[in-house]
Amino acid sequence: MDAGLTNMVFLPDNAVLIQLVPLGAMDHLAKRDFGDPAGEMNIKYLDYKIRVKESSLVEQYPLNHKVFKDPSSFFRKGWDVFRSIYLDKQNVKVDLKRFRSTLLKAKKLLAT
C-alpha cells in the first residue's frame with residue numbers, strides 16, 4: 001500500500017486514480033487508504049472490485065470456502081492472517097471486458 005500512496009503524490013491535479021480492489025471485503029480499507037486521500041489531493045478516484053473469477057484464490061480454495069463466503073472471519077483472526085490470504089497470496093487477472101466500463105468512466109472524468 002505504501003508504494004501506491006507514494007505514487008499518488010506525483011499525480012497532477014484532476015488525475016484519475018483507478019484502484020483494483022481485491023477480494024476480501026476490502027471496500028472500507030480501499031476507500032480509507034486511497035479514496036479519501038485522493039479526494040484531499042484533488043485526484044478523482046474510481047475503484048474496480050475484483051470478482052471471484054478474476055482472483056487467483058479460486059485456484060487455491062473451493063468456491064464454498066469461507067475465504068469467499070466470510071472474509072471478515074479472517075480479519076477477526078488478525079491483520080497478519082487476513083493480509084496473508086487476501087493480499088500476499090492473491091493475484092488478479094482483470095476481466096478486460098468488464099474493466100472497460102471503468103476505463104470509460106475515467107476517460108469522462110478526465111474530460112471534465
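Reader: How many helices and strands does the protein have, and what makes a run of residues count as one?

Author: The secondary structure comprises 6 helices and 2 strands. Helices (H or I, at least four residues) and strands (E, at least two) are DSSP runs, numbered from the N terminus. In order from that terminus, the elements follow the pattern α-β-α-β-α-α-α-α. This is a predicted model, in which local features need pLDDT of at least 70 and side-chain atom pairs count only at pLDDT 80 or more, while totals for chains, interfaces and linings use all residues. Residues are numbered from 1 along each chain as its sequence is written, and side-chain values use heavy atoms, with hydrogens and water left out.

Reader: What is the average pLDDT of the protein, and where is confidence lowest and highest?

Author: The term pLDDT denotes the predictor's confidence in each residue, from 0 to 100. The protein averages 92, and 96% of the residues score at least 70. Confidence is lowest in α1, at a mean of 73, and highest in α6, at 97.

Reader: Why are β1 and β2 said to pair, and in which sense?

Author: Two strands pair if DSSP finds at least two bridges between them. Strand β1 (residues 16-21) and strand β2 (residues 44-49) have 6 bridges, so they pair, and they do so in the parallel sense. Within this pairing, V16 stands opposite K44, and Q19 stands opposite D47.

Reader: What makes the β-α-β unit right-handed?

Author: The unit consists of β1, helix α2 (residues 27-40) and β2, and is right-handed. That word applies if, with the strands pointing away from the viewer, the path from the first strand over the helix to the second runs clockwise.

Reader: Which residues does T102 touch, and in which helix does T102 lie?

Author: T102 belongs to helix α6 (residues 96-111). Not counting residues up to four places away in sequence, T102 touches I18, L46, D47 and Y48, where contact means heavy atoms within 4.5 Å.

Reader: What is the phi of N14, and what is that of A25?

Author: N14 has a positive phi of about 65° although it is not a glycine, and A25, also not a glycine, has a positive phi near 50°. Most residues other than glycine have a negative phi. N14 lies in the loop between α1 (2-9) and β1, whereas A25 is in the loop between β1 and α2. Leaving aside neighbours within four places in sequence, N14 is in contact with N42, K44 and L110.

Reader: What makes a set of residues a nonpolar core, and which residues of the largest one touch the most other members?

Author: A nonpolar core is a set of buried Ala, Val, Leu, Ile, Met, Phe, Trp, Tyr and Cys residues joined through side-chain atoms within 4.5 Å. The largest has 16 residues, of which L57, V67, I85 and Y86 touch the most other members. The elements giving two or more residues to this core are α2, α3 (66-69) and α5 (79-88); α5 gives the most, with 3 residues. Apart from neighbours within four places in sequence, V67 is in contact with L57, Y61, F74, I85 and Y86. A second, separate core of 6 residues includes A15, F34, A38 and I43.

Definitions and conventions: Buried < 20%, exposed > 50% of the residue type's maximum accessible area, 1.4 Å probe, protein only.
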